[in-house]
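Please read the report below alongside the sequence and the 3D structure.

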Amino acid sequence: MSVATQDTAIRTGRVTRTFIYVFLLVFALFYLLPFLVMVLNSLKPLEEITSGNMIALPQDWTIAPWLSAWSTAQIGVEPTGLRPYFWNSIKMVVPAVAISTVLGALNGYVLTKWRFRFDTILFGLMLFACFIPFQIVLIPMARILGELGIAGTTTGLILVHVVYGLGFSTLYFRNYYAAFPTELVRAAQIDGAGFFQIFWRILLPSSGPIIVVCVIWQFTNIWNDFLFGASFASGGAAPMTVALNNLVNSSTGVAEYNVHFAGAIMAAGPTLLVYIVAGRYFVRGLMAGSVKG
Amino acid sequence: MAAADTRADFRTRMQNWLPKIVLAPSVTLMLIFVYGFIFYTIYLSFTGSRMLPSYDWVGLRNYENLFRLSHWEIAITNLGIFASLYIIICTLIGLSLAIFLDQKIRGEGFLRPIYLYPMALSFIVTGTAWKWLLDPGIGIEATMQTWGFTEFTFNWIKDRDMAIYTIVIAAVWQTSGFVMAMFLAGLRGIDNEILKAAQMDGASNWSLYRRIIIPQLRPAFLSAFVILSHLAIKSYDLVIAMTDGGPGRATELPATFMYSYTFTRNQMGIGASSAVIMLMTIAAIMIPYLYAELREKK
Amino acid sequence: MAKLDLRGVRKSYGSVEVIKGIDLTVDHGEFCVFVGPSGCGKSTLLRMIAGLESITAGEVAIGEEVVNAIPAADRGLAMVFQSYALYPHMTVRQNLSFGLENIQTPKPQIREKVEAVAKMLQIDMLLDRRPKDLSGGQRQRVAIGRAVVREPNIFLFDEPLSNLDAELRVDMRGEIAALHKRLGNTMVYVTHDQVEAMTMADKIAVLRLGELEQFGRPLDLFNTPANLFVAGFIGSPKMNFLQGRTDADNRSRLILDTGDTIDLPEGRFTQAPGQAVTLGLRPTELQPDPDGALHAHVGAVEQLGSESYLYGTFQNGTPVTVHNPGQTTIRPGDKVTLTAKSTAMHLFDTETGLTLRA
């Protein structure tokens with residue numbers, strides 16, 4: 001899918017070609033502008049924003065909004081800045097990604113190389129689970145987390161994200177391993193390798209790309225989640241997205257747009273960084289999650 | 001000999017069971033947390049639950065009430081407007097960008113990531129950016145006015161009749177690049193020789209695309225439709241961040257409706273029934289699609 | 001001693017039976033080839049022997065031990081796969097060592113064995129390369145090496161040559177035969193190519209639709225095929241089949257559907273008077289002859305210099321192929337009469353397909 005080599009280019013005249021370039025550049029601007037505005041205005045004092053020109057460069061460069069967003073801004077009732085929530089998100093995302101990826105890899109391995117009756121149905125059930133509107137599980141989930149005593153905690157969120165991340169991680173690994181030659185597994189069986197040995201020594205060494213895809217996908221999704229965070233961890237354990245929303249949409253006081261923008265960039269930072277570093281894999285994950293493997 | 005036999009036997013049996021043992025935790029989690037919960041919520045939607053779940057059976061009353069609520073009517077009307085515009089505009093932009101980007105464009109490698117990066121952002125971030133960008137006091141309107149266009153107004157986000165369209169703008173901004181990537185992959189998958197043959201047959205550029213290329217993008221259209229409609233129905237974060245359902249109820253969607261009825265208005269039965277409606281809508285789109293995909297793969 | 005016994009072996013997937021009760025014995029040191037068209041179950045059967053597929057019913061025994069419940073790795077077998085199945089992320093040396101490591105062989109011993117095998121197969125200079133840097137023939141050797149290094153009692157080959165080009169295939173055929181001679185192990189070899197079967201096998205098992213059609217030495221299968229299927233499958237070009245019926249009054253007189261009549265040799269077949277039968281004649285046994293009883297019309301002629309082939313039809317449209325040693329003056333469009341040596345005739349019951357050989 002990503003090995004795009006051929007263009008379906010057609011012969012075009014100079015006028016058409018100019019039009020195409022203009023069109024493409026206008027849209028590039030459309031996509032870039034909001035982020036540009038955020039960056040510029042996060043480096044301005046508040047008066048420069050309220051006095052009216054969003055697109056102008058700052059006259060008075062300042063990093064005060066960043067410092068405020070990070071450590072002193074009012075989030076809910078506490079003036080803590082986003083810092084504690086950023087760490088909440090990290091503490092949530094790392095184990096959740098790790099666990100769902102490992103389980104997904106094992107599931108994909110079993111579903112393709114140790115096939116049994118009903119495996120396709122089972123996979124179909126897991127696949128559908130990727131696409132349910134999470135509203136359908138909010139009520140019972142709130143109850144179960146309460147009963148397990150992990151409501152409002154990072155642990156609770158980890159559980160939630162592992163459970164609802166499993167479908168996608170299984171999908172990725174299943175599709176990847178389906179294309180992995182089964183004869184290699186058979187050869188290893190004859191060579192005396194057991195279930196885990198085959199996984200560890202034969203499949204895993206060739207799984208680099210799909211692990212990257214899966215980790216990036218899970219990381220992006222879990223980091224960016226708002227619904228579960230807002231529902232199950234709105235207090236001190238809230239993740240970054242929830243804290244950002246609290247920062248931006250708190251009705252008290254004057255809206256500090258520059259601080260909001262700085263906070264938004266902080267919330268976007270980790271996923272954006274991943275996108276810049278490994279965009280190719282990010283796109284592959286998106287495509288695999290939507291079309292085929 | 002007998003000892004060796006039992007050992008071999010045990011090992012074989014272990015090897016036969018291991019795959020199932022490994023799969024078991026995931027399957028259990030899925031059965032409880034996905035399907036168990038779905039059934040639980042469906043059950044609640046037939047009860048008179050308010051702040052807490054209760055088990056008094058009320059039949060279809062929640063659904064009847066739901067469809068009598070003007071609030072819900074607004075939510076689904078909004079969803080209709082939002083989803084159809086979102087899908088159509090994303091598809092048009094995505095397809096145009098993909099076709100144009102496929103014309104041996106210099107700097108393709110530079111442009112593509114720009115189109116796609118919003119997909120990496122949280123809807124809350126997107127919402128924050130567009131909330132202030134569209135805010136008449138400091139955003140585009142104010143900027144245009146300081147540039148001398150004093151008559152320029154763009155205050156949709158504060159306008160009850162227009163606010164839902166601002167959600168469309170932000171959502172399109174976030175996902176149209178992704179739709180572009182899907183179409184681009186589709187275009188790159190088309191056999192070049194077919195195009196050469198069509199050109200030998202004297203097809204013009206327009207008819208080449210209309211008759212040969214776009215029909216071959218059918219799978220990409222289908223995937224785009226399925227993914228976008230699925231995203232539209234689930235849309236929640238973006239609305240919360242941009243307008244919080246307002247002004248008034250102007251941007252209320254089923255997802256925000258469900259949340260507020262269940263958790264702030266203590267109408268859990270009605271909240272559950274709205275969640276069930278959402279699930280059924282998505283299922284009606286996803287199940288045939290997934291079924292076809294799975295069958296194809298076998 | 002590694003004798004291989006299959007007793008009433010069956011395999012079903014759900015309600016679909018793909019192996020329908022196979023009995024055969026491969027003696028120690030024999031080279032046995034399973035041959036048949038695709039879908040005949042030969043690869044499934046091989047995988048059942050290997051322990052990679054469960055056995056629905058019946059027994060597989062190696063030596064005297066029933067191995068149904070024994071895992072693949074413990075059956076003392078090695079297998080060479082169609083795709084070679086070399087571990088792509090391992091070097092050749094690691095590929096060869098993997099199986100020995102799994103049975104906790106001491107390191108120096110692994111080294112020694114791997115190097116000896118590599119030398120024997122002339123891949124010793126490739127030991128530090130990865131499979132993707134090897135040619136098809138080299139990969140094939142590594143795959144064989146991986147099997148040899150484990151010193152198995154029985155070698156299994158699953159269509160190992162089908163990914164090689166024609167020339168290399170002939171070479172490798174010779175090498176595998178030489179390997180068999182040198183090691184003296186029992187080998188079971190699956191192929192769909194009857195030429196491979198004929199040239200390599202001590203014994204051939206012809207399979208069709210999960211059933212054993214015939215099991216025997218190559219020339220026995222060629223000379224005395226048990227049924228129409230084996231007759232048509234073994235031998236190239238394929239045997240010509242002519243349908244007909246024996247005379248109701250004279251069972252030695254065969255009235256063919258082509259309109260020709262011929263006499264069957266006395267005492268060689270057990271046909272009844274008035275029975276529907278199929279006459280089989282190999283292309284090599286048919287000759288143009290002015291006095292021949294069979295009338296044919298030549299459609300195409302292939303002149304290969306040292307031999308030639310005539311392709312034509314009998315009067316009723318039944319196709320016929322004739323192999324002619326040397327060159328021929330017959331041209332397309334000619335009408336010819338053909339004769340067949342009576343000793344080379346095969347006769348089958350049309351209804352059951354079984355041979356009528358006495």
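What follows describes the chain contacts, the domains, the nonpolar core and some strands.

This is a predicted model, in which local features need pLDDT of at least 70 and side-chain atom pairs count only at pLDDT 80 or more, while totals for chains, interfaces and linings use all residues. Residues are numbered from 1 along each chain as its sequence is written, and chains are lettered from A and ligands numbered from 1 in the order in which they are written.

**Contacts between chains**

Two residues are said to be in contact if their C-beta atoms, placed from the backbone, lie within 7 Å. Helices (H or I, at least four residues) and strands (E, at least two) are DSSP runs, numbered from the N terminus. Ala, Val, Leu, Ile, Met, Phe, Trp, Tyr, Cys and Pro count as nonpolar, Asp, Glu, Lys and Arg as charged, and the others, Gly among them, as polar.

The contact between chain B and chain A takes 88 residues from chain B and 76 residues from chain A. On the side of chain B that touches chain A, helix α1 (residues 2-44) of chain B gives the largest share, 16 residues, and this side divides into 64 nonpolar, 16 polar and eight charged residues.

**Domains of chain A**

Domain bounds here come from an automatic or database domain assignment, which for chain A gives domain 1 (14-62) and domain 2 (83-290). The centres of these two domains of chain A, taken over C-alpha atoms, are separated by 33 Å. Seven residues from domain 1 of chain A and seven residues from domain 2 of chain A take part in their contact; on the side of domain 1, the largest share, four residues, comes from α1(A).

A:Trp61 lies in the loop between α2 (46-50) and α3 (64-72) of chain A.

**The nonpolar core**

A nonpolar core is a set of buried Ala, Val, Leu, Ile, Met, Phe, Trp, Tyr and Cys residues joined through C-beta atoms within 7 Å. The largest one has 293 residues, and C:Met79 is one of those with the most contacts inside it. Leaving aside neighbours within four places in sequence, C:Met79 is in contact with residues including A:Ala187, A:Ile190 and C:Leu156.

**Strands of chain C**

Two strands pair if DSSP finds at least two bridges between them.

| Strands | Bridges |
|---|---|
| β15 (residues 286-288) and β19(C) | three bridges |
| β16 (residues 294-303) and β19(C) | four bridges |
| β11 (residues 240-246) and β14 (residues 276-281) | six bridges |

Strand β19 (residues 335-340) of chain C has a covered face, C:Val336, C:Leu338 and C:Ala340, and an uncovered one, C:Lys335, C:Thr337 and C:Thr339. In β19(C), C:Ala340 is the bridge partner of C:Leu286, and C:Val336 stands opposite C:Ala296.

An open sheet of five strands in chain C has the order β13-β12-β11-β14-β20, with antiparallel pairing. β13 (261-263) and β20 (346-349) of chain C each have a single partner strand, so one side of each is left without a neighbour in the sheet.

Definitions and conventions: Buried ≥ 20, exposed ≤ 12 C-beta atoms within 10 Å, placed from the backbone.
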